[in-house]
Amino acid sequence: MKISFLILSGFFLILLLFSITTYINYQQSQKVDENSEKFSKSSTTLRSSNRFQRNILNLVSGLRGYLLTNEPFFIQSYDSAVIENEQILGELRLITNDNPAQKKLLDEIASLYDRWGHEFAQPLLEAKKQATISDSAAKSFDHFYRRKLKEGHENEIQQSIQNKFREFTNSEYAFREEQRQTLTASVQQTRNISFYLTILSIVIGIGIAGFLASHISAGIVKMVEMADSISAGNYNVHVDTRGMDEISRLTASLNNMARVLAEHIMLLNRKNEELNQFAHIVSHDIKTPLRGIDNVVSWIEEDHYADTPRRVKEYVGMIKGRVRRAESLLNGILSYSRIGREIQKKELVSVSELIDEIKGYLPHKKGITLMVQHPLPELYTERLPLFQVFSNLLNNAYHYHNKENGIVRVFHKEMSDHYKFFVEDNGPGIARSYHEKIFVIFQTLQEGDSSESTGVGLAIVKKILTDRKLNIEVMSEPGKGSTFSFTWPKN
Amino acid sequence: MMNHVINILLVEDDILDAMDLQRTLDRMRILYKMKIAKNGEEGLALLEQQDHPLFSGKPDIILLDMNMPRMNGIEFLQILRNSNEWRNIKVFVLTTSDESEDERIMRSLGISGYITKPLKMSNTGSIDAFNLMIDLMNM
């Protein structure tokens with residue numbers, strides 16, 4: 001599975017979970033809205049029913065006041081209460097439209113109220129109005145009024161209305177309580193669902209992030225190890241890959257790269273080895289006929305010295321000189337091709353003792369003083385290559401020296417992890433334009449018939465050093481001597 | 001002092017090297033008879049040949065070149081060391097090779113000396129060889 005696909009699907013899953021959470025919360029807020037609407041409706045219901053009850057009291061007191069005092073003020077208050085009650089009943093009917101039980105109660109209240117009006121209030125008011133016209137009417141009113149009071153219907157009706165209202169408000173309160181409980185439960189439920197969905201999202205997020213981090217980091221760590229191993233020269237490395245994600249594909253590419261690299265390096269090494277062997281074999285094979293020529297020429301000199309003309313002797317000498325030069329060139333190729341072929345063991349090397357030993361092999365030349373710094377360091381290193389480097393540099397310093405009083409100095413500087421060795425002479429010096437040429441094999445600044453100088457020494461020095469990733473530098477100007485310096489590791 | 005003549009088998013493909021050797025032996029006043037084989041196969045043939053005009057029987061010393069056509073010095077020496085008859089003949093190797101690996105292989109096959117060409121009397125292999133020859137002559 002691709003990592004990008006995993007990241008995207010994880011992101012969408014989390015997004016989906018949050019969308020669900022948001023939707024549920026939205027639903028809940030709508031429920032709360034609905035509930036508060038219901039609550040305000042219920043408050044209106046209760047308020048209206050209270051007003052209605054209070055109005056009934058006003059009605060009754062207005063009616064009684066009028067009946068007793070005949071004051072028009074009372075009848076006005078009675079009328080306004082009647083009008084208001086019609087209004088309230090209308091409102092309540094509208095509000096309780098969706099609640100059949102309340103509606104029924106309200107209908108009963110309304111019919112009781114009508115009954116009170118028809119059976120009690122209206123007849124009494126009519127009678128009272130008549131009573132102002134005549135005494136007999138007043139008497140009949142009194143009589144009628146007393147009878148009504150005696151019947152006690154009014155009280156019953158009032159009682160019933162009150163009871164019905166109590167029932168009505170109770171049912172409203174019960175409805176409210178029920179609403180409240182439902183709402184609380186649903187809020188709690190929403191809260192729980194939101195909580196769990198959020199936790200789930202976080203867990204999924206952390207899980208995906210953790211998986212990606214560990215997977216990517218593990219993959220990268222493996223590849224870093226691989227790259228380190230390659231840069232350390234071990235090309236036969238392979239990182240296991242499983243899966244089809246980008247990291248695995250990168251690893252597979254790296255594996256492929258390492259394999260191709262290893263093949264090329266192997267090919268390169270084989271070519272190098274072939275070249276070395278070629279140089280070696282060719283040098284050897286050419287040496288044999290060369291030695292033959294030398295032998296025959298020597299025999300001519302030995303056996304026919306007396307009867308050889310002078311010119312022929314000269315020519316024979318020339319042949320010998322060229323044979324010797326050819327031999328030294330071949331020996332140069334051989335020693336150059338041999339460098340690095342034999343693995344050297346490390347040992348404790350005292351550079352002072354090394355220089356002492358080289359001193360014995362140096363060409364004898366009058367007037368040259370070798371000044372060696374004391375002490376020179378002791379190293380745990382390969383002895384032979386260091387010997388070859390010093391020996392070639394010192395040989396050159398001696399060989400090319402052209403002054404009466406020559407001084408050759410060997411000294412060193414200690415660096416953090418390596419030494420820098422110097423071989424300095426006050427000989428002829430080398431022009432700047434030759435500073436690179438002198439390190440190329442067979443490049444010598446001497447003429448071709450000078451058998452001593454083959455142009456191999458510095459090439460060998462350079463090869464020994466570059467094989468070990470070390471440096472050699474030359475500082476020199478014509479007439480001012482030369483200083484060769486090279487680095488050598490402490491361990 | 002009785003001077004014995006030393007019987008030498010030289011296995012060497014380059015006639016000039018052979019001549020050089022002979023001149024050196026002459027100069028050293030070694031008394032010798034020398035059969036010359038041009039390669040390892042000829043060398044074995046000469047060892048087996050009973051009726052040779054120079055000398056019959058085993059040679060006192062074999063001087064063996066390393067690089068030769070058809071059968072080189074190493075192959076020749078291996079056959080020699082595996083035979084019952086010739087395994088004890090003293091063998092000096094003549095070679096242009098200065099590879100320590102070549103020398104190691106030859107020494108592991110039990111040679112008496114390792115002589116690098118061109119012949120020089122300063123070479124330890126040559127010194128051993130001539131000392132042996134002088135001893136043989138003086139027996």
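Is Arg115(A) buried, partly exposed or exposed? With a relative accessibility of 35%, Arg115(A) counts as partly exposed, because that value falls between the 20% and 50% cut-offs. Keep in mind as you look around that this is a predicted model. Chain A has 491 residues, of which 38% are buried, and its fold contains 10 helices and seven strands.

**Salt bridges within chain A**

- Over all chains, a search of the whole structure turns up 26 salt bridges.
- Let us return to Arg115(A): its partner in a salt bridge is Glu119(A), with the closest N and O atoms 3.2 Å apart.
- Both of these residues belong to helix α3 (residues 100-131) of chain A, where they sit four residues apart, about one turn of the helix.
- Glu119(A) is partly exposed, because its relative accessible area of 34% lies between the 20% and 50% cut-offs.
- Another pair to find is Glu263(A) and Arg259(A), whose closest N and O atoms are 3.0 Å apart in a salt bridge.
- These two are separated by about one helical turn, because they are four residues apart in helix α6 (residues 246-303) of chain A.
- Glu263(A) has a relative accessible area of 42%, so it is partly exposed, and Arg259(A), at 45%, is partly exposed too.
- Glu477(A) and Lys480(A) also meet through their side chains in a salt bridge, at 3.9 Å from N to O.
- In this pair, Glu477(A) counts as partly exposed at 40% relative accessibility, whereas Lys480(A), at 64%, counts as exposed.

**A buried charge without a salt bridge**

- Which residue is buried yet has no salt bridge? Glu172(A) is such a residue, and the nearest side chain of opposite charge, Arg176(A), is 5.5 Å away.
- That distance does not make a salt bridge, because the cut-off is 4 Å.
- You can find Glu172(A) in helix α5 (residues 153-231) of chain A.
- Setting aside neighbours within four places in sequence, Glu172(A) is in contact with Ser42(A), Thr45(A), Leu46(A) and Gln102(A).

**Nonpolar cores**

- In soluble globular proteins, nonpolar side chains tend to be buried together.
- The largest nonpolar core here has 39 residues, and those with the most contacts inside it include Leu386(A), Phe390(A), Phe484(A) and Trp488(A).
- Several elements of chain A each supply at least two residues of this core, among them α8 (351-361), β2 (368-372), α10 (457-467) and β7 (482-489).
- Helix α9(A) gives the most to this core, with eight residues.

**Where chain B meets chain A**

- On each side of this interface 14 residues take part, those of chain B being in contact with those of chain A.
- The area buried between the two chains is about 1300 Å², and carbon and sulfur atoms give 42% of that area.
- How many salt bridges does the rule find across the interface of chain B and chain A? There are four.
- One salt bridge to look for joins Asp17(B) to Arg291(A), with the closest N and O atoms 2.5 Å apart.
- Helix α1 (residues 15-27) of chain B provides six residues, the largest share of the side of chain B that touches chain A.

**Backbone details**

- The peptide bond from His374(A) to Pro375(A) is cis, with omega near 0 degrees.
- Pro375(A) lies in the loop between β2 and β3 (378-382) of chain A.
- Although Lys469(A) is not a glycine, its phi is positive, at about 55 degrees.
- Lys469(A) has its place in the loop between α10 and β6 of chain A, and with a relative accessible area of 77% it is exposed.
- In chain B, Arg70(B) has a positive phi of about 65 degrees and is not a glycine either.
- Arg70(B) is found in the loop between β3 (61-65) and α3 (73-82) of chain B, and it counts as exposed at 65% relative accessibility.

Definitions and conventions
Residues are numbered from 1 along each chain as its sequence is written. Chains are lettered from A and ligands numbered from 1 in the order in which they are written. This is a predicted model: local features need pLDDT of at least 70, side-chain atom pairs count only at pLDDT 80 or more; totals for chains, interfaces and linings use all residues. Side-chain values use heavy atoms; hydrogens and water are left out. Buried means under 20% relative accessible area, exposed over 50%, partly exposed in between (1.4 Å probe, protein chains only). A nonpolar core is a set of buried Ala, Val, Leu, Ile, Met, Phe, Trp, Tyr and Cys residues joined through side-chain atoms within 4.5 Å. Lys and Arg count as positive and Asp and Glu as negative; His and the chain ends are not counted. Contact means heavy atoms within 4.5 Å. Buried area is the accessible area (1.4 Å probe) that two parts lose on being put together, summed over both.
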